Amino acid sequence: MKTIQKIFSFILLAGIVLSCGEESNMDPVGNWELSTPVPTTPAVNANVVLEDNLPAAAVRFEWQPASASSRFIVQYTVYVVTAGSTGLENALLTLTPGNSGKNAFVEMTAQQLDYILWTRCYPAGAEVDLEWVVVAKSIDKTTTAKQAFSIKRFQNDYMPETMFITGAATEAGDDVAAATPMRAHKDAEGNVTNIFDVYTTLTAGKTYFFRDERNTTSKLFGGEEGTLEGCGAGITAPETGQYRITVNLNSNTYSLLKIDRWSLVGDAVEGGWGGDVPLTYQGNSVWTTTIEFYKPYASAGCIFRANGDWGYLLKRIVNSGNANNTRGNLVMESEAAGMGKVFEDVPGPEIGTYKVTLNLAADAYTYLLEKQGEPEPTPTIIGETANPNGDAVSGNFVFGEYNVPNELYLLADGVMVGTFEKDANTFNSVKFWALQASKTYTINSASDGSGTNYGEVNDGEMAVARDQLYQLSVNFETGRLAWKYYNMKLFHWADVEGGWDARQELLMTYEHPYTFKVSGALSAGFLSKFNSPWEVQFGTDGTALSGTMTNGGANFTGIVSNGTYNASIVVTDDFTSCEYTFVKQ
């Protein structure tokens, strides 16, 4: 990498023309002439072959000096241009000799020259027809000499170790010096793999490019339809939003994954493993949110998940965290093996409210948890969640500190709904109770409500966020009430039509009590199942359009004609079975 940095430093210095401050070039008097320099090396039509095994070999441009008849100082600039060029504006290379431009030669290495040709997209091993031009200048007179030659590039192409994204569609805009760096993927030995990615915003309809360095002399990559093209046209951004953009220089391709959200999932946060606590994008590859962390179990953790997709998870790299679990480095679970990283769930910190920062910029993916002030008491609303349509949705809230009773009951508007089963200091509903948002619930030590009401807010009165089938657990040791409910989906797929991974998932609507319904287009010969991934999977080996399904039953094959169907299930209070119907519209 140091060698490449020297290349760029040389190119930048080579483009600077230093002014001459000697007194002998001031206020000339009388008539005088400036002769033309005579190019000598490379000779006319010479072929300069760059050798891969001699990257530091010097390539020298030399000429017989020009002279001024009044002995004024002469300075030079050397340009390398494509054969047949009529001007110097688009020169491949501009070089200033040493000694403030007065030397009659310039030198650069084979590697530096090969890099310049690579940035202009000449292929490896190509023989490039060029011209080199030496311009002599003294006071206000110039003379120019030009000579044809050719260069044969290295046989092995240059592969950059850094990549950047730039252009009007990007967060940094057209300013190449502010281009956003991409992360270089590395293998288990720390070697670059020629794959790069970045998380950033793209603006619809505008264009973006990739470059190997943050300067206009670097190589520009464009393209279309996923194919990367050196010196290609700008890539037009799709709809505005955040994306993971990946560049693969091995296959000369690029790809985009739209990031609708990054979220926290796990039993250390609201909703548990069936929840989804979204973070908000802040720019520069950073997402944040402020949430409460709690420990409903002896040990609680979480993970970062993109788009609600279990195949796209960030977990903590083992031994990268600190003692109180408020920071650490992250790795994509699917990429960890190739990088030689061992991962774990992000351990929950001490109970409290934290600002969560997920930073996916550059090479080290990190998270940071910053403790905030004590929150207001959490409303005691069963089923309140940021992700009501998750699969197995769960959460909990502070219940209060009480002595452990002998019995515990749930009442709705003073009427008993069910009896909790005691397990040491915890009381569980075991089965799922059909609760309604229109009712007020209390938890009492007596079945008729004449005992002790438990709960810190509103004298123990609680509500539910939505009609659903809830399983409840009251833990008197931790002082928290935990809840859980299932959303049901109709899965529909065919092995010959993309298989399970191409399945259709139709979210069902809950109707009180114990009923789920959905309408949708179904196809003959497809397989079907009613799922709440993955704890409930209703199926049957029967083919009738109505009957009984059991949890864990066979895939249903009863759809024998295409059409729109109304499907419904009535589940038992323990989700072991259901009564189903399919009615074609």
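Is helix 3 mostly covered or mostly uncovered, and how many of its ten residues are buried?

## Helix 3

Helix 3 is mostly covered, with nine of its ten residues buried. Buried stands for a relative accessible area under 20%, exposed for over 50%, and partly exposed for values in between, with a 1.4 Å probe and protein chains only. Helices (H or I, at least four residues) and strands (E, at least two) are DSSP runs numbered from the N terminus. The buried residues of helix 3 are Ala110, Gln112, Leu113, Asp114, Tyr115, Ile116, Leu117, Trp118 and Thr119. After helix 3 comes Cys121, with a positive phi near 70°.

## Basis of the values

This is a predicted model, in which local features need pLDDT of at least 70 and side-chain atom pairs count only at pLDDT 80 or more, while totals for chains, interfaces and linings use all residues. Residues are numbered from 1 along each chain as its sequence is written, and side-chain values use heavy atoms, with hydrogens and water left out.

## Nonpolar cores

The largest nonpolar core has 55 residues, and Tyr208 and Phe210 have the most contacts inside it. Helix 3 (residues 110-119) gives the largest share of this core, six residues. A nonpolar core is a set of buried Ala, Val, Leu, Ile, Met, Phe, Trp, Tyr and Cys residues joined through side-chain atoms within 4.5 Å. Another core, of 28 residues, lies apart from the largest one and includes Tyr199, Cys302, Tyr365 and Tyr367.

Contact means heavy atoms within 4.5 Å. Leaving aside neighbours within four places in sequence, the contacts of Phe210 include Met163, Phe164, Ile165, Met182, Leu220, Phe221, Leu228, Ile235, Ile245, Val247 and Tyr254. Lys219 is also in contact with Phe210.

## Tyr367

Tyr367 lies in strand 29 (residues 365-371) and counts as buried because its relative accessibility is 2%. Not counting residues up to four places away in sequence, Tyr367 touches Phe304, Arg316, Asn325, Thr326, Arg327, Gly328, Leu330, Val346, Pro347 and Thr357.

A polar atom of the Tyr367 side chain is 3.3 Å from the backbone oxygen of Arg327. A polar contact is a pair of N or O atoms within 3.5 Å; within protein, one must be able to donate a hydrogen and the other to accept it, and residues adjacent in sequence count only if both atoms are side-chain atoms. The C-alpha atoms of Tyr367 and Asn329 are separated by 6.5 Å, and the two residues are 38 apart along the chain.

## Largest pocket

The largest pocket holds about 710 Å³ of space. A pocket is found on a 1 Å grid over the protein atoms alone, as an open set of points where a 1.4 Å probe fits, with protein on both sides within 12 Å along at least five of seven lines; lining residues have an atom within 4 Å of a point. Grid points are joined across faces, edges and corners, and the volume is the space filled by probe spheres set on the points.

The lining has 39 residues, with Gly271, Trp273, Gly274, Ala392 and Ser394 nearest the centre of the pocket. Strand 20 (272-278), strand 31 (392-398), strand 40 and strand 41 (480-486) each give two or more residues to this lining. Strand 41 provides the largest share, five residues. By class, 14 lining residues are nonpolar, 18 polar and seven charged.

Asn475 is in strand 40 (residues 468-475) and is buried because its relative accessible area is 15%. The Asn475 side chain reaches the backbone nitrogen of Glu477 at 2.8 Å. Beyond four places in sequence, Asn475 touches Asn425, Thr426 and Arg480.

Asn487 lies in the loop between strand 41 and strand 42 (489-493), and at 7% relative accessibility Asn487 is buried. A polar atom of the Asn487 side chain lies 2.7 Å from the backbone oxygen of Pro388. Pro388, Asn389, Gly390 and Asp391 are among the residues that Asn487 touches.

## Backbone exceptions in two loops

Most residues other than glycine have a negative phi, and most peptide bonds are trans. In the loop between strand 1 (38-41) and strand 2 (46-49) lies Pro42, joined to Thr41 by a cis peptide bond with omega about 0°. Asn45, in the loop between strand 1 and strand 2, has a positive phi of about 60°. Asn45 is exposed, at 59% relative accessible area.

Pro513 lies in the loop between strand 44 (509-511) and strand 45 (515-522), and the peptide bond joining His512 and Pro513 is cis, with omega about -5°. Tyr514, in the loop between strand 44 and strand 45, has a positive phi near 65° and is partly exposed, at 21%.

Notes. Ala, Val, Leu, Ile, Met, Phe, Trp, Tyr, Cys and Pro count as nonpolar, Asp, Glu, Lys and Arg as charged, and the others, Gly among them, as polar.
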